Amino acid sequence: APVARELAEKGLAVLMLEEGDHFTRMDFNGRALEAQRKMYRNSGATVALGNHFIPIPVGKTVGGSTTINSGTCFRLPESTMAHWRNEMGLHEFTAEMMDEYFEKVEKTIQVEEAKWEYIGGPGRVIARGSDALGYSHKPLKRNAPECDGQGLCCFGCPTDAKRSTNVSYVPEALKSAAQLMTGVRVTRVLIEGGKAVGVEGVIKSESGKRKLTVRAKVVVLSCGTFYTPTLLMKQGICNSSGQLGKNLAIHPATQAMAWFPDEDIHSWDTIPQGYSVDHFKEEGLMFEGGTTPFDMSGAALTLYGKKFTQLMEDYNHIAMFGVMVKDTSRGQVRVGPGGMPLMFYWVNKKDRMQLQRGMEILSRIYFAAGAKEVYPGLSGWEVLRSTRDVERMARAKVRVNQFDLSAYHPLGTCIMGNDPKKSVVGTTHETHDLKNLFICDGSAVPSSLGVNPQVTIMALATRASEFIARRVESLYGSAEAA
């Protein structure tokens with residue numbers, strides 16, 4: 001979407017192809033299961049397999065996953081950029097170089113700090129507990145300047161307060177004469193003379209499916225970390241390095257609830273992810289709000305029977321928060337049955353210990369805030385009633401599959417790098433193997449970030465648009481001719 005907007009504003013002819021449908025705020029009714037069926041791939045049942053079963057929700061709609069995410073906005077951390085420069089040879093990535101792109105993205109999607117009046121009870125108790133323990137904490141920055149805390153970010157913003165790409169970049173691209181076709185599944189890249197010259201796909205209509213062929217001077221793939229490498233692998237292209245589909249990073253995450261019987265939390269009238277504890281960010285742990293609607297919160301509890309019923313009846317006194325790990329584990333995407341992506345991911349010992357430490361820290365924050373009971377997403381430790389219970393949980397030997405895991409930020413499967421033998425795309429986002437084919441999505445991001453990646457992906461795409469524009473202009477002679 002950022003590439004389309006940037007190129008269209010330069011006067012280039014741009015066509016966006018989207019497999020999903022175009023939904024507006026009139027379609028966002030707040031019903032979680034209905035939204036998952038309409039706007040999530042596999043109705044929200046996309047998973048990674050390995051030593052755990054990890055759900056990874058992915059959007060399938062105009063706006064992609066930005067339409068159904070929590071709106072959290074971080075810049076690429078300097079520590080991560082330093083890793084790119086020092087360990088991966090990506091020397092051009094400095095804060096000075098990236099600042100202009102971050103500023104442009106933040107202006108377009110209107111990033112600002114979440115307002116206290118809508119952060120509500122979950123943020124209040126986390127702030128109180130963090131203060132008691134001396135931990136750094138603060139409201140999160142989000143792309144939702146007019147948010148009124150309806151708690152439905154992940155199912156389509158009903159007020160268009162969240163400036164996801166379906167209400168920011170895509171409409172702006174269309175205003176500059178770009179075109180958009182929905183319901184199009186791209187099946188292959190057209191190649192002539194070692195260059196990408198368009199795509200083929202299938203478009204659905206009321207009369208059935210029809211073949212679509214698009215000719216273009218430059219092709220930009222933005223199918224996401226799972227579907228971009230799958231498309232290329234099915235065609236057998238862009239893998240001379242052997243890295244296509246590998247290097248999958250996902251930010252494994254878990255959560256815990258806490259019971260505050262004497263305090264109204266009203267979590268359903270808050271920003272689901274409006275607050276954070278960033279004290280441990282440089283250690284690879286990030287704590288962020290993780291409130292879900294009532295019906296989905298019940299599924300997150302590992303309790304059952306009478307205790308489960310009591311807690312659901314007392315939901316107004318329940319706070320929910322999450323923790324994610326800057327993973328050192330890596331997975332892989334392969335072509336699965338029916339040509340669909342099949343993800344494998346193995347959580348290593350270091351990340352498993354980080355998850356356990358994160359659960360310990362979050363539980364201590366809850367008790368410091370006055371919680372009577374804490375309910376970790378950790379089988380075998382369903383109820384904690386004191387810090388002594390927390391200490392026992394922290395010392396326990398736990399398996400990865402005891403955690404209630406999910407993940408939200410898949411990256412790296414078309415890894416960027418200067419060496420064609422070790423990477424899929426170069427620093428301009430053009431593939432090493434195929435000229436005029438650019439990849440601008442999370443799959444090109446070369447490592448785990450430790451923070452929510454949407455602003456980084458958009459900034460990298462904005463930067464890439466400059467290289468793409470120069471390429472098109474060199475092929476046509478000028479932007480006016482294109």
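Begin by selecting Leu-190 in this predicted model: Leu-190 stands opposite Gly-198 of strand β9.

Strand β8 covers residues 184-192 and strand β9 covers residues 195-205; the two run antiparallel and are joined by eight bridges. Between them, β8 and β9 form a hairpin with two residues between the strands. Select Gly-193 in that hairpin, where a positive phi near 60° is found.

Strand β10 comprises residues 208-215, runs antiparallel to β9 and is joined to β9 by eight bridges. β9 and β10 also form a hairpin, with two residues between them.

Leave the strands and turn to the nonpolar cores. In soluble globular proteins, nonpolar side chains tend to be buried together. The largest nonpolar core here has 56 residues. To locate this core, select the residues with the most contacts inside it: Ile-54, Ile-126, Phe-226, Phe-260, Phe-287, Tyr-366 and Val-374. Then highlight helix α10, residues 349-368, which supplies seven residues, the largest share of this core.

Which residues is Phe-260 in contact with, leaving aside its neighbours within four places in sequence? Display Val-125, Arg-128, Ile-265, His-317, Ala-319, Tyr-366, Ala-369, Gly-370 and Ala-371, each of which is in contact with Phe-260. Tyr-366 in this list is also named among the residues with the most contacts inside the largest core.

Finally, select Tyr-101, Ile-109, Leu-231 and Cys-238, which are included in a second, separate core of 48 residues.

Note on methods
Residues are numbered from 1 along each chain as its sequence is written. This is a predicted model: local features need pLDDT of at least 70, side-chain atom pairs count only at pLDDT 80 or more; totals for chains, interfaces and linings use all residues. Side-chain values use heavy atoms; hydrogens and water are left out. A nonpolar core is a set of buried Ala, Val, Leu, Ile, Met, Phe, Trp, Tyr and Cys residues joined through side-chain atoms within 4.5 Å. Buried means under 20% relative accessible area, exposed over 50%, partly exposed in between (1.4 Å probe, protein chains only). Helices (H or I, at least four residues) and strands (E, at least two) are DSSP runs, numbered from the N terminus. Contact means heavy atoms within 4.5 Å. Two strands pair if DSSP finds at least two bridges between them.
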